[in-house]
Amino acid sequence: MANYSNEFKMMIIQEYLDGITRYKTLAREYGVKADTQIRNWVKSYEMYGVKGVFRKKSKEVYSVQFKLDVLSFNKRTGTSLNETALHFGLINPPMISSWNKRFLEGGAEALDQPKGRPPMTDKAKNIKSTRTTSENEMTREQTLERENELLRLEVAYLKKLKAFQMDPDGYLEKHKQRYHSNSKKNSD
């Protein structure tokens, strides 16, 4: 997948919004692989402004509960990844399919594992050198606490899923308002 600069995206979005050209023509003219990519940029721009189009400089971390809500919404409504991403304010729709794959392979616990290797800070380096036990070892109590938390998340997910199945429209309307108010708080 090609990475396009923010300026390039905005130029194409502006050209489309000016009514000069259609999606397919813009894609051919500027060498964008698919016109759906441009369509997604325009929808993100219309819904979230410039923040919806520009790539974030820092990696955003989403809670397991948020990921489960996104997956549940996508599965129950049958919306596309792009529509689901727009609904939840995500600018990277393929991330949803990645979450789904991890969930199917390892359940809710797999969604809690960060991707990649975390950077090692100076403090962590010092702690690592003074430690005698392995970093991966957890006490029995810590293991049980983690397991309890994952079970709580799974129960909460199943409750939400049941509520959604009983009244999809009411559930979606209630949670749509909550996510939009949360995204406004986070952006301020």
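**Helix H4 and the cores around it**

Good morning. In helix H4, the buried residues are Val-64, Gln-65, Phe-66, Lys-67, Leu-68, Asp-69, Val-70, Leu-71, Ser-72, Phe-73 and Asn-74. Buried means under 20% relative accessible area, exposed means over 50%, and partly exposed lies in between, with a 1.4 Å probe and protein chains only. Helices are DSSP runs of H or I with at least four residues, strands are runs of E with at least two, and both are numbered from the N terminus.

Let me state the basis of this talk. This is a predicted model, in which local features need pLDDT of at least 70 and side-chain atom pairs count only at pLDDT 80 or more, while totals for chains, interfaces and linings use all residues. Residues are numbered from 1 along each chain as its sequence is written, and side-chain values use heavy atoms, with hydrogens and water left out.

The protein contains nine helices and zero strands. Of its 188 residues, 30% count as buried.

I return to H4. Because 11 of its 14 residues are buried, H4 is largely enclosed by the rest of the structure. From first C-alpha to last, H4 reaches 20 Å, close to the 20 Å expected at 1.5 Å a residue; the expected span is 1.5 Å times one less than the number of residues.

Towards the end of the list stands Asn-74, which is found in H4. Asn-74 has a relative accessible area of 18% and is therefore buried. Just after H4, Gly-78 takes a positive phi of about 75 degrees.

Next, the cores. A nonpolar core is a set of buried Ala, Val, Leu, Ile, Met, Phe, Trp, Tyr and Cys residues joined through side-chain atoms within 4.5 Å. The largest one has 22 residues, and Phe-66, Val-70, Leu-90 and Trp-99 have the most contacts inside it. H4 provides the largest share of this core, six residues. Apart from neighbours within four places in sequence, Trp-99 is in contact with Tyr-62, Phe-66, Lys-67, Val-70, Leu-71, Leu-90 and Leu-111. A second, separate core of 12 residues includes Ile-12, Ile-13, Trp-41 and Val-53.

Finally, the aromatic rings. Nine aromatic pairs are found in the whole structure. Rings of Phe, Tyr and Trp (its six-membered ring) pair if their centres lie within 6.5 Å; planes under 30 degrees apart count as stacked, over 60 as edge-to-face and the rest as tilted. Phe-8 and Tyr-30 form an edge-to-face pair, with 5.9 Å centre to centre and 85 degrees between the planes. Phe-8 lies in helix H1 and Tyr-30 in helix H2, so this pair ties together parts that are 22 residues apart in sequence. Tyr-62, Phe-66, Phe-73, Phe-88 and Trp-99 form one aromatic cluster. Thank you for your attention.

Terms used:
Contact means heavy atoms within 4.5 Å.
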